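Student: I am new to this structure and would like to go through it with you step by step. Could we begin with the terms we shall need?

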Amino acid sequence: MAKKRRSKNRSSKSKAAGDSRSVSLVADVAGNAWVLRHPRCARDRAEDIEEVQMMIDAGELDVAQDELRWLLSGCSDCLDAHLLLGQVALEAGNDFPLARGHFGYAYQLGLRAWRRAGQPTPVPYTQLANRSFHESGRSLAWCLEKLGKRTMADEVVENLVKLDPTDPLECRQMLRDLRDTGSLPTL
């Protein structure tokens, strides 16, 4: 009996349309903005993410970290889990390289989805599904600045402002404050 082969057309169609396994970008209901569509595995973990946030709020960082790693083992493209792991890395031990890795991964997932969609704007922070991307981007720029990677921090902020010109997280101001005072404002 011959093995069934996956159709090449089906595979490319799925990637172009944004399948349920990767982050994609879709127009909002009103058609005047763009919203990240998180993969099904990430949407299925929403309650778990809420529970982890409660662990973090209670100061149970080790337990939260273990839970987030477990969640990522089944869904590596869960932006919320990467955002929280980055925050835990900073809170638990000021581990800027590890935080940068998690923030950067979440930011890159959103940025790739935006590029695959043809770079439409706006992708506003006000849309709930876009928040973990924007917060990860801001946190990434913060870490990059702390690590002395000024040009990379500028590029991240430039992209975030391009996606949401209102700059609701005040990313530009955050970098100015960091550079003017030399101290780190809080995330």
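Tutor: Angles between axes under 35 degrees count as roughly parallel, and those over 145 degrees as roughly antiparallel. Please keep in mind that this is a predicted model.

Student: How are H5 and H6 oriented to each other, roughly parallel or roughly antiparallel?

Tutor: The axes of helix H5, residues 79-93, and helix H6, residues 96-116, come within 8 Å and cross at roughly 160 degrees. An angle over 145 degrees falls in the last of the classes just given, and therefore H5 and H6 are roughly antiparallel to each other.

Student: How many residues of the contact of H5 with H6 are nonpolar, how many polar and how many charged?

Tutor: On the side of H5 the contact includes Leu79, His82, Leu83 and Leu90, and on the side of H6 it includes Phe96, His102, Phe103 and Leu109. Divided by kind, the residues of this contact are 12 nonpolar, four polar and no charged.

Student: Which elements are included in what covers the buried residues of H5?

Tutor: The buried residues of H5 include Leu79, His82, Leu83 and Leu90, which also take part in the contact with H6. The cover over the buried residues of H5 includes strand E2, helix H3, helix H4, H6 and helix H7.

Student: How far apart are the end C-alpha atoms of H5?

Tutor: H5 has 15 residues, and at 1.5 Å a residue these should span 21 Å. The model agrees with this expectation, because the end C-alpha atoms of H5 are apart by 21 Å.

Terms used: Residues are numbered from 1 along each chain as its sequence is written. This is a predicted model: local features need pLDDT of at least 70, side-chain atom pairs count only at pLDDT 80 or more; totals for chains, interfaces and linings use all residues. Side-chain values use heavy atoms; hydrogens and water are left out. Axes are lines fitted to C-alpha atoms, for helices over the stretch in contact, and angles run from 0 to 180 degrees between N-to-C directions. Helices (H or I, at least four residues) and strands (E, at least two) are DSSP runs, numbered from the N terminus. Angles under 35 degrees count as roughly parallel, over 145 as roughly antiparallel, 65 to 115 as roughly perpendicular and the rest as oblique. Contact means heavy atoms within 4.5 Å. Ala, Val, Leu, Ile, Met, Phe, Trp, Tyr, Cys and Pro count as nonpolar, Asp, Glu, Lys and Arg as charged, and the others, Gly among them, as polar. The expected span of a helix is 1.5 Å times one less than its number of residues. Buried means under 20% relative accessible area, exposed over 50%, partly exposed in between (1.4 Å probe, protein chains only).
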